[in-house]
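Open the model in your viewer and keep the selection tool ready. This tour goes stop by stop.

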Amino acid sequence: VVKAVLLFPGQGAQFVGMGKDLADRFSTCRELFESIDDALGFSLTALMWNGPEQELTRTHNAQPAILAHSMAVLSLIRSALNTVAAAGHSLGEYSAYAAAGTLSPTEAARLVRRRGELMLESGESRPGTMTAVLGLTDDVISDLCRQATEGDSVAVPANLNAPGQTVLSGDPDAIARASALCKIAGAKRVLPLKVSGAFHSPLMATARSGLERELAKTDFREPAFPVIANATTDVVDTSARARTLLGEQLTSTVRWSDSMLRARAFAGRAFAGPDATFVEVGPGSVLTGLMKRIDRDTPRMSCGTADQVESMMEKVA
């Protein structure tokens with residue numbers, strides 16, 4: 001059995017064809033995908049497997065698609081894991097709570113579908129943008145965002161992903177000012193992102209209030225293991241705190257680097273022995289790549305394809 005901290009990917013991990021190998025090879029995954037299709041009232045799986053890519057990438061489709069893929073993988077490998085904690089990047093935090101039993105996969109899929117719709121609407125009513133910055137420290141980024149913010153036009157750090165890897169979010173003119181300041185400060189790269197809004201910034205305030213209403217209506221159960229919160233890096237072990245922080249998360253910085261260090265310390269105390277393996281569950285390997293930058297010594301692995309699932313199960317058999 002693998003002593004594990006589970007990691008769940010966020011938006012951007014989607015791709016056309018995602019999860020099809022799992023459905024083809026495992027009836028458990030087929031049934032899970034069908035239950036999510038039924039819960040959403042349309043064939044998400046047809047979009048996941050056949051595209052078009054532009055439609056799959058839209059936030060209200062990408063979010064449930066990534067969650068469904070993650071839940072399908074987890075249904076296969078759960079028995080091989082001794083899970084001490086979980087964390088997910090933005091959208092992935094919902095997958096983490098579903099893994100902990102706080103939400104069922106279908107409840108979580110409905111919730112993130114609605115979250116995506118609210119984020120899309122918020123982005124249309126107050127357009128914003130996001131930019132990735134490589135090569136500057138978190139403190140420098142935070143200072144430059146403060147300098148670039150003028151009146152109601154804001155720039156904030158949206159994702160503190162790993163040392164030297166940050167994403168800014170906010171009003172287009174403020175992000176333009178912040179981007180120019182980052183280049184002057186010596187950033188290696190400043191890359192505008194294709195997004196439908198300024199996620200994890202104050203521009204998502206209307207989406208947050210709508211999401212908090214949805215969260216209030218949703219039945220949250222106590223988590224079977226703690227989830228490390230994006231917004232605060234808290235070790236969350238109650239359903240009430242989970243509900244509150246998922247609402248806050250939409251307008252708050254994703255403090256991913258600090259969350260991973262917190263998870264590492266928590267797992268070390270919980271197992272009081274060998275290192276836990278950080279297992280990325282779902283499409284892609286972005287989070288294992290970030291973990292390598294955050295703490296090179298932490299054991300890590302990605303598990304998102306049918307072949308990776310079978311390889312993992314063979315190792316623990």
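Is the crossing of α5 and α6 left-handed or right-handed? The crossing of α5 and α6 is right-handed. A crossing is right-handed if the near helix is turned clockwise from the far one by less than a right angle, and left-handed if anticlockwise.

Before moving on, note that this is a predicted model: local features need pLDDT of at least 70, side-chain atom pairs count only at pLDDT 80 or more, and totals for chains, interfaces and linings use all residues. Residues are numbered from 1 along each chain as its sequence is written, and side-chain values use heavy atoms, without hydrogens and water.

**Stop 1: α5 and α6**

Select residues 59–77 for α5 and 92–99 for α6. Helices (H or I, at least four residues) and strands (E, at least two) are DSSP runs, numbered from the N terminus. The two axes are 10 Å apart, at an angle of about 30°. Axes are lines fitted to C-alpha atoms, for helices over the stretch in contact; angles run from 0 to 180 degrees between N-to-C directions. α5 and α6 are therefore roughly parallel (under 35 degrees; over 145 is roughly antiparallel, 65 to 115 roughly perpendicular, the rest oblique).

Now show side chains. Leu67, Ser70, Met71 and Leu74 of α5 make the contact with Tyr94, Ser95, Ala98 and Ala99 of α6. Contact means heavy atoms within 4.5 Å.

**Stop 2: Thr102**

Go to the loop between α6 and α7 (105–125), where Thr102 sits. Thr102 has 0% relative accessibility, so it counts as buried (under 20% relative accessible area; exposed is over 50%, partly exposed in between; 1.4 Å probe, protein chains only). Beyond its neighbours within four places in sequence, Thr102 touches residues including Tyr97, Asp219 and Arg221.

**Stop 3: the open sheet**

Select the 4 strands of the antiparallel open sheet, in the order β4-β5-β3-β6. Two strands pair if DSSP finds at least two bridges between them. At the edges are β4 (155–162) and β6 (189–192), each pairing on one side only. β3 (129–134) and β6 share 4 bridges. Zoom in on Val133: opposite it is Val190 in β6.

**Stop 4: α8 and α9**

Then select α8 (138–148) with α9 (172–184), whose axes are 8 Å apart at about 135°. These helices are therefore oblique to each other. Their crossing is right-handed. Ile141, Leu144, Gln147 and Ala148 of α8 meet α9 residues, among them Arg177 and Leu181.
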